[in-house]
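The following paragraphs lead the reader through a structure, part by part. The sequence and the structure are shown first.

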Amino acid sequence: MNSKKTLIVSHAPFWHDGSGIPERSYNTIIAALPAAFAGIAFYGAPALGVICMAMSTAIFWELLLNRAMRRPITVGDGNAALVGLLLAMLLPASTPWWVVLIGTFLAIVIGMQIFGGIGANPFNPVVLAIAILSLSYNHYLDFDSGLVNFALPFSSSMAPLATLKAFGPEAVANLNLMDLFMGKQVGALGSTSGLALTIGGIYLMLRGFIRWEISLSFIAGIYLTAMLFNMADPIRFAPPMLHLLTGYTLIAAFFLATESSSSPVNFLPMLLYGALGGIMTVLIRNIGAYVDGVIFAILLINLTNPLIDKIRPKAIGKVA
Amino acid sequence: MTSKKQLLFAYGLAIHLLLVGIICYAAFPVKAPHEPIRIMYQTTAGKVLFDHQTHTTASGYGASCFDCHHHPMDDESALIACSECHQAPAEDGSKPERCLDCHDESDIEDTQMISRPDAFHQGCTECHEQFEKGPQPGSENCSKCHVL
């Protein structure tokens with residue numbers, strides 16, 4: 001029996017608790033900042049340059065589009081700044097300024113504004129921009145090529161997933177999992193520090209800005225699929241913890257897959273959506289052509305979102 | 001809709017971050033150090049990442065500069081990158097420009113310069129074979145270094 005109290009709807013005026021899109025955007029930025037700071041600590045001023053350039057140009061692109069399309073100015077909601085920050089966190093610290101500029105254009109204009117702005121984008125704009133950049137400017141998004149001039153205090157001077165793809169699990173067997181979790185690995189400037197990303201993710205889940213169902217099912221999807229591959233052939237396929245702690249895995253689990261307008265809202269669809277993302281990621285990494293499957297896996301699950309969100313509870317009551 | 005205060009905050013954020021971004025890009029560009037840390041060779045058989053620092057530092061393999069850089073033999077500060085001399089032969093027969101910095105073209109007329117791939121394959125494999133470490137020579141081992 002449903003509680004009668006929960007079904008009571010009182011008439012206007014309503015009390016607004018003050019929360020809104022700006023609160024959500026700036027809280028997500030705060031949650032992402034520890035991982036971005038870890039990147040600045042490892043890569044220095046160039047990483048700071050990429051982050052600042054991405055956040056500022058994302059705001060400028062949105063402002064420009066708002067004015068060009070004669071729509072209300074929406075940069076005040078902080079979403080453009082968040083998109084810029086997340087985009088920067090997926091790039092290597094060596095990214096040239098013009099690639100950052102193109103990236104924020106792709107995310108804000110192609111990924112979001114042409115669909116009608118925040119809430120109307122079918123794909124995660126950051127992921128879409130990275131997908132286009134990695135296909136168009138592969139050289140600049142290659143961590144091993146880009147970071148050759150950085151003296152990095154890591155045990156391996158090659159990105160773990162690139163090593164895994166090229167030389168097999170044996171070549172990454174000596175990597176220390178705790179080092180990987182602390183961010184001591186070659187990679188994007190804001191997506192390597194698992195500790196900082198997990199803290200940010202837990203903060204967002206506790207505050208209710210992201211849904212735990214998507215994050216945890218994404219992680220479980222990766223772990224279980226990688227474990228099955230590894231059990232089937234440990235010579236060819238890496239152990240699941242390596243997949244969890246390398247590449248874009250954790251930033252995707254907490255910041256990318258959970259993007260609100262491109263992810264489902266019901267319980268079972270969220271679990272399916274996350275798990276499907278995890279499974280696709282490992283499939284692309286293990287038997288696909290790309291080094292890191294996260295980007296294309298998230299685009300694919302974004303595509304399934306409207307379909308799987310049709311699994312929903314029956315409406316209470318009936319039309320007379 | 002957002003308030004005017006939130007809008008002004010976003011404008012302020014954009015302008016300040018743009019300034020910091022421009023300063024970072026202008027004042028701290030990513031430059032190749034005098035002695036390379038890592039080198040990514042783009043080859044027709046795929047890219048090859050060579051960890052120069054690990055090969056040269058005492059905590060790494062401790063190789064001396066002259067183990068690989070054999071010219072000039074007497075001056076460590078004058079050593080040059082391999083590819084500056086080891087280039088594919090020019091069609092018009094001219095010598096690499098870097099050679100002409102120190103030599104007259106007539107001095108090196110008869111000198112045979114092997115190409116970069118040959119120089120690397122000889123130099124790298126000789127050492128790896130000697131120490132029986134890392135990638136070993138052999139036509140089945142290309143993918144131990146080359147990444148497509």
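The model is a predicted one, in which local features need pLDDT of at least 70 and side-chain atom pairs count only at pLDDT 80 or more, while totals for chains, interfaces and linings use all residues. Residues are numbered from 1 along each chain as its sequence is written, and chains are lettered from A and ligands numbered from 1 in the order in which they are written.

Arg70(A) has a phi near 50 degrees, a positive value in a residue other than glycine. Arg70(A) is exposed, because 6 other C-beta atoms lie within 10 Å. In these terms a residue is buried if 20 or more other C-beta atoms lie within 10 Å of its own, exposed if 12 or fewer, and partly exposed in between, with C-beta atoms placed from the backbone.

The axes of α2(A) and α3(A) come within 7 Å and cross at roughly 145 degrees; axes are lines fitted to C-alpha atoms, for helices over the stretch in contact, and angles run from 0 to 180 degrees between N-to-C directions. This crossing of α2(A) and α3(A) is right-handed. A crossing is called left-handed if the near helix is turned anticlockwise from the far one by less than a right angle, and right-handed if clockwise. Among the residues that α2(A) brings to the contact are Val50(A), Ile51(A) and Glu62(A), and those from α3(A) include Ala80(A), Val83(A) and Leu87(A). Two residues are in contact if their C-beta atoms, placed from the backbone, lie within 7 Å. By class, the contact of α2(A) with α3(A) has 12 nonpolar, two polar and one charged residues, where Ala, Val, Leu, Ile, Met, Phe, Trp, Tyr, Cys and Pro count as nonpolar, Asp, Glu, Lys and Arg as charged, and the others, Gly among them, as polar.

Chain A is assigned domain 1 (21–136) and domain 2 (150–308), with bounds that come from an automatic or database domain assignment. The C-alpha centres of these two domains of chain A lie 21 Å apart. In their contact, 33 residues of domain 1 of chain A meet 28 residues of domain 2 of chain A. On the side of domain 1 of chain A that touches domain 2 of chain A, the elements giving two or more residues are α1 (21–43), α2 (45–68), α3 (79–89) and α5 (125–136) of chain A. The largest share of that side, 12 residues, comes from α1(A).

Within chain A, a second pair of helices deserves attention. The axes of α10 (residues 212–232) and α12 (residues 249–256) of chain A come within 8 Å and cross at roughly 155 degrees. This makes α10(A) roughly antiparallel to α12(A); angles under 35 degrees count as roughly parallel, over 145 as roughly antiparallel, 65 to 115 as roughly perpendicular and the rest as oblique. Ser215(A), Phe218(A), Ile219(A) and Ile222(A) of α10(A) meet Thr249(A), Ala252(A), Ala253(A) and Phe254(A) of α12(A). This contact has six nonpolar, two polar and no charged residues. Eight of the eight residues of α12(A) are buried, so α12(A) is largely enclosed by the rest of the structure.

Asn302(A) lies in helix α14 (residues 294–308) of chain A. Is this residue buried or exposed? Asn302(A) is buried, because 23 other C-beta atoms lie within 10 Å. Not counting residues up to four places away in sequence, Asn302(A) touches Pro122(A), Phe123(A), Asn124(A) and Ser262(A).

Finally, the two chains meet. The contact takes 29 residues from chain A and 28 residues from chain B. On the side of chain A that touches chain B, α2 and α6 (143–146) of chain A each supply at least two residues. The largest share of that side, 10 residues, comes from α2(A). In chain B, the assignment gives domain 1 (1–30) and domain 2 (39–144), and their C-alpha centres lie 45 Å apart.

Definitions and conventions: Helices (H or I, at least four residues) and strands (E, at least two) are DSSP runs, numbered from the N terminus.
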